[in-house]
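Please find below a short note on the model, arranged as numbered points. Each point takes one part of the fold and may be read alongside the structure.

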Amino acid sequence: KRLANAANKGRFQPGHGQPGAVLTSDSKDTVLPILMIACDRVTVNRALDKLLEYRPSAAKFPIIVSQDCGHAATAEVIQNYVKSHNITHIKQPDLSNIALPAPKKKWLGYYKIARHYKWALDQIFITFNFPAVIIVEDDLDISPDFFEYFAATYPLLKQDPDLWCVSAWNDNGKGGMVSAEAALLYRSDFFPGLGWMIERKLYVEELQQRWPDTFWDDWMRHPDQRKGRQCIRPEICRTSTFGKKGVSKGLYFEKHLKFIKLNTDFVPFTKMDLSYLLKENYDPMFKKQVYSAPVLTGEQVKTGARPEEKVVRVEYTGKDSFKRLAKMLGIMDDFKAGVPRAAYRGVVSFMVKDRRIYLAPPPTWSGYNTAWS
């Protein structure tokens with residue numbers, strides 16, 4: 001009841017923007033709950049401590065931990081925070097096993113995760129009736145401006161019909177591959193996850209009834225769900241993961257995740273004009289920046305040729321071309337539903353040796369090829 005009252009009190013009211021604000025949506029009083037997905041990590045205390053350390057308002061950002069697995073030791077840790085900080089602890093009631101044919105049994109963990117996400121989102125949007133949610137997992141550290149970032153981008157999510165999420169994550173956000181400009185934000189066709197925000201309307205009207213049995217994040221990336229919409233993502237990640245143990249057996253962590261750079265500076269996003277991220281403003285600027293940049297080969301970038309050029313374009317012409325160049329330059333080389341990680345209009349932006357690189361298709365690019373997966 002307490003959470004439902006908070007959700008209703010915080011409903012979005014248009015027309016009350018701060019003086020000088022370009023965006024028409026006001027999120028000052030909107031309640032944006034943090035939904036933490038938990039299972040059997042007793043180190044959930046580390047994630048909760050960071051949230052509580054940086055949270056500017058308990059009223060605006062209530063914390064709800066949804067626990068699966070029925071793990072008693074983890075539940076005890078969470079309950080300590082219920083008592084000390086008045087967070088909310090909810091428990092996924094269906095702990096039954098999921099019958100799977102032999103070839104799929106190795107994916108059982110992913111089936112249970114999808115089931116838990118569905119139940120937890122139902123609680124947030126149906127039971128508690130919140131207007132939006134920021135979703136994290138129990139193995140994430142956050143940046144000092146994590147809450148500031150989501151508070152400032154929520155009006156964008158409300159206003160731009162071509163946006164469907166905001167994410168704290170950059171898949172290519174390794175140290176040395178991002179600039180020092182912590183305020184840089186982008187549109188991305190790729191759903192990043194790992195600290196993300198969506199609205200109730202999207203879940204209730206589109207996602208809830210079709211939620212998948214497994215691999216929910218890849219399902220979100222499919223064109224049937226994305227429908228040509230984008231997410232906002234940062235240059236420098238606002239989350240990083242310490243969760244080496246998990247259903248992926250730590251392989252992805254050792255190869256990639258442990259190298260992700262977490263932002264350490266506080267950027268006052270709510271005091272900044274973010275209207276450049278609206279599609280009508282962003283697209284012309286983005287295309288001009290990318291396609292006015294001089295073209296270098298991947299080999300020239302690797303060897304540091306033409307150092308006077310601080311922004312360059314490297315052109316790929318197909319799937320194999322992209323994968324070769326991505327591996328050469330050190331970025332993620334895989335596709336989901338034909339979309340490269342962090343890409344917008346086929347373009348992936350990153351840094352190599354303090355130079356901005358746009359790995360880009362030809363200017364005649366007309367859309368993603370879902371066979372590139």
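This is a predicted model: local features need pLDDT of at least 70, side-chain atom pairs count only at pLDDT 80 or more; totals for chains, interfaces and linings use all residues.

1. On the helix 4 side, the contact involves Lys 118, Leu 121, Asp 122, Phe 125 and Ile 126; on the helix 6 side, it involves Arg 200, Tyr 203 and Val 204.

2. Leaving aside residues up to four places away in sequence, Glu 206 touches Lys 201, Gln 225, Lys 227 and Arg 229.

3. Eight strands form an open sheet with mixed pairing, in the order 3-2-1-4-8-6-9-7. Strand 3 (88-91) and strand 7 (185-188) each have a single partner strand and stand at the edges, so one side of each lacks a neighbour in the sheet. From one strand to the next, the twist averages 25 degrees. Helix 5 (residues 146-159) packs on this sheet, where it touches strand 1, strand 4 (132-137), strand 6 (163-167), strand 7, strand 8 (196-199) and strand 9 (230-234). The direction of helix 5 makes about 175 degrees with that of strand 6.

4. Within the sheet, strand 1 (residues 34-38) and strand 2 (residues 63-67) run parallel and are joined by five bridges. Ala 38 stands opposite Gln 67 of strand 2.

5. How many residues of strand 9 are buried? The count is five of the five, so strand 9 is largely enclosed by the rest of the structure. The burial extends to both faces: Gln 230, Ile 232 and Pro 234 lie on one side, and Cys 231 and Arg 233 on the other. Strand 9 is paired with strand 6 in parallel over three bridges, and with strand 7 in the antiparallel sense over four bridges. Individual bridge partners can be named for each pairing. Val 166 is partnered by Ile 232 of strand 9, and Leu 185 by Pro 234 of strand 9.

6. Helix 2 (residues 44-54) has Val 44, Ala 47, Leu 48, Leu 51 and Leu 52 as its buried residues. Seen down the axis, these fall within an arc of 130 degrees, so they line one face of helix 2.

7. Helix 2 packs on helix 3 at an angle of about 25 degrees, with the two axes 10 Å apart. That angle makes helix 2 roughly parallel to helix 3. The crossing of these two helices is right-handed. Val 44, Asn 45, Leu 48, Asp 49 and Leu 52 of helix 2 make the contact with Thr 74, Val 77, Ile 78, Tyr 81 and His 85 of helix 3.

8. Helix 12 (residues 319-329) has Ser 321, Phe 322, Leu 325, Ala 326 and Leu 329 as its buried residues. They cover an arc of only 125 degrees around the axis, which puts them on the same side of helix 12. The face turned away from that side carries the exposed residues Asp 320 and Lys 327. The buried residues of helix 12 pack against helix 11 (298-303), strand 11 (311-315), strand 12 (335-336), strand 13 (339-340), strand 14 (348-352) and strand 15 (355-360). Gly 330 follows helix 12 and has a positive phi, near 95 degrees.

9. Thr 303 lies in helix 11. Its relative accessibility is 62%, so Thr 303 counts as exposed. Glu 206 and Thr 303 are 97 residues apart along the chain, and their C-alpha atoms are separated by 48 Å.

Conventions:
Residues are numbered from 1 along each chain as its sequence is written. Side-chain values use heavy atoms; hydrogens and water are left out. Buried means under 20% relative accessible area, exposed over 50%, partly exposed in between (1.4 Å probe, protein chains only). The arc is that of the directions from the helix axis to the C-beta atoms. Contact means heavy atoms within 4.5 Å. Two strands pair if DSSP finds at least two bridges between them. Axes are lines fitted to C-alpha atoms, for helices over the stretch in contact, and angles run from 0 to 180 degrees between N-to-C directions. Angles under 35 degrees count as roughly parallel, over 145 as roughly antiparallel, 65 to 115 as roughly perpendicular and the rest as oblique. A crossing is left-handed if the near helix is turned anticlockwise from the far one by less than a right angle, and right-handed if clockwise.
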